[in-house]
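I opened my notebook for this one with a simple plan: look things up one at a time and jot down what turns up. Have a look along with me.

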Amino acid sequence: MNYNDTLNYLYTQLPMFTRVGASAFKKDLDNTIALCAKLDNPQHKFKSIHVGGTNGKGSTSHMLAAILQTAGYKTGLYTSPHLKDFRERIRINGEMISEQTVVDFVAKHQTDFEEIEPSFFEMTVALAFDVFAKEQVDIAVIEVGLGGRLDSTNIITPLLSVITNIGWDHMNILGDTLELIAGEKAGIIKPGIPVVIGEHQPEVSEVFLNKAKKGSSPIEFASEEWDVLSESSDLNLLTVEIQRQVLPTFAFSEEPIFTFRLDLPGSYQVKNLKTVLTAVDELRNRGFSITDEHLSIALQNVKKLTGLHGRWEVLSTAPLTICDTGHNPEGIAEVLKNITSVTYKQLHFVIGMVNDKDITKVLAMLPKKAIYYFCKPDIPRGLEAESLKLKAESLGLNGEAYPSVKDALNAAQSAATANDLVFVGGSTFVVAEAV
């Protein structure tokens, strides 16, 4: 099989969560363990950082990878889902793995797939671990797919665990309370392994503290470690002046105040920055040579260094068109905060969603003065545009349904005047078709 044949085989033969939803999620790690056993357990052959959480884990993972590779470490990066190319999920020093690597892996292990019957995600995790081991990376940043405790990535023993925050997402799988969701995310906390929690959220902090205490795992809440003195952003850069609350004894720099410029301009990246800086302090404590200059260079070039897209990203300036992958209530709240920071005459909102999300909670948050362009992302889980339109209308949101994301985006951009804003979002899969 060539590369396209190989992808078609994987998409059609292996259950894929992004396409079919909860039925592809396995309630144990057995398949991943069995598959990695066939590969001589590559997960034990490289150092790693494990990154979970509801929102921000992708940006956090990419920032950490950018910093490590800038500091001179051969850095693996595993993330999901991809936007355009399957190979976005597996990178080394920002470069996607080759098409031939994917073809050869599937050809070699097709009989193993037929025996073990892994999901698409389980296969991809095994491929990533196999590549990182064979390429002898110095360290790999591994983003959790869904949850934590039962996520396929959770067969690693990392140097550091990171959990960004807890929000309402995947309740049909992870639980219908924040405490239950936090319990699943806390599953990546390993005995004796330090853990950084991005946000101190009173309703769930005890879940993390108890899990850490049980395993004697050192725990820090990044939001309590840093104070933001000022922040400003334009369409390209977020500038943050930030101060340590406590000077670590092991840091290379004793500077209490830093100014960082991030090429990820969304204001929500301030939370992720605190998480990343706390994680870097811990890595320095573990012997990694990461200077303040490495931090400064990396954070200003995350997109170039790692290929990250879809985070408050400008797609066009005439008319101004911005997309963002935020899709759950907490993510949409951050998107709306960013929208209010832009000066515009009329907001044109291109929106599509998937059918297993709490769409009512999200739609109820959206501005009623916007003009909406409803569409269906091109995956089986996509919510029909007409269904989304009807639900939105019942909540006072008005617009038209379109047969595709591209049609909706074209209509919005055609209708927008020079002083208007077109926003594209509601689902990662809508953004994938727009970028």
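**Entry 1: a proline in a loop.** I began with P81, which sits in the loop between strand 2 (75–78) and strand 3 (90–92). I checked the peptide bond there, and the one joining S80 and P81 is cis, with omega at about -10°. A note to myself before going on: this is a predicted model, so every value here is computed from it.

**Entry 2: another cis bond.** I went on to P319, in the loop between strand 12 (313–317) and strand 13 (320–323). The peptide bond that leads from A318 to P319 is cis, with omega near -5°.

**Entry 3: positive phi.** W312 is not a glycine, yet its phi is positive, about 45°. I found W312 in the loop between helix 12 (302–306) and strand 12. Is W312 buried or exposed? Its relative accessibility is 3%, under the 20% cut-off, so W312 counts as buried.

N41 is not a glycine either, and its phi is positive at about 50°. I placed N41 in the loop between helix 3 (30–38) and strand 1. With 28% relative accessibility, N41 counts as partly exposed.

**Entry 4: the whole protein.** I stepped back for the overall numbers. I count 17 helices and 17 strands in the protein. The radius of gyration is 21 Å, close to the 22 Å that the globule rule gives for 435 residues, so the protein is as compact as a globular protein of that length. Its C-alpha trace spans about 55 × 55 × 40 Å along the principal axes.

I also noted that 59% of the 435 residues count as buried. The protein exposes about 17100 Å², and carbon and sulfur atoms supply 49% of that area. Among contacts with a separation of 6 or more, 73% come from residues 24 or more positions apart.

I looked at one pairing in detail. Strand 10 (residues 238–244) and strand 11 pair in the antiparallel sense over six bridges. One bridge I wrote down has I242 with F258 of strand 11 as its partner.

**Entry 5: the nonpolar cores.** F260 came up again when I listed the largest nonpolar core. That core has 40 residues, and those with the most contacts inside it are I49, L68, F260 and I290. Elements that each supply at least two of its residues include strand 1 (48–52), helix 4 (57–70), strand 10, strand 11 and helix 11 (292–299). Which helix gives the most to this core? Helix 10 does, with seven residues.

Leaving aside neighbours within four places in sequence, L68 is in contact with I49, Y73, T75, I139, V141, L283, F288 and I290. Apart from this core lies another, of 37 residues, among them V106, V125, L127 and I155.

**Entry 6: A128.** My last stop was A128, in helix 6 (residues 120–134). Its relative accessibility is 0%, so A128 counts as buried. Beyond neighbours within four places in sequence, A128 is in contact with Y78 and I90. I also took a C-alpha to C-alpha distance: A128 and Q245 are 37 Å apart in space and 117 residues apart in sequence.

Key. Residues numbered from 1 in each chain as written. Predicted model: local features only at pLDDT ≥ 70, side-chain atom pairs only at ≥ 80, totals over all residues. Heavy atoms only, no water. Pairing = 2+ DSSP bridges. Helix = DSSP H or I, 4+ residues; strand = E, 2+ residues; numbered from the N terminus. Core = buried A, V, L, I, M, F, W, Y, C linked by side-chain atoms within 4.5 Å. Buried < 20%, exposed > 50% of the residue type's maximum accessible area, 1.4 Å probe, protein only. Contact = heavy atoms within 4.5 Å. Rg over C-alpha atoms; globule rule 2.2 N^0.38 Å. Areas by Shrake-Rupley, 256 points an atom, 1.4 Å probe, with all protein chains shown as cover.
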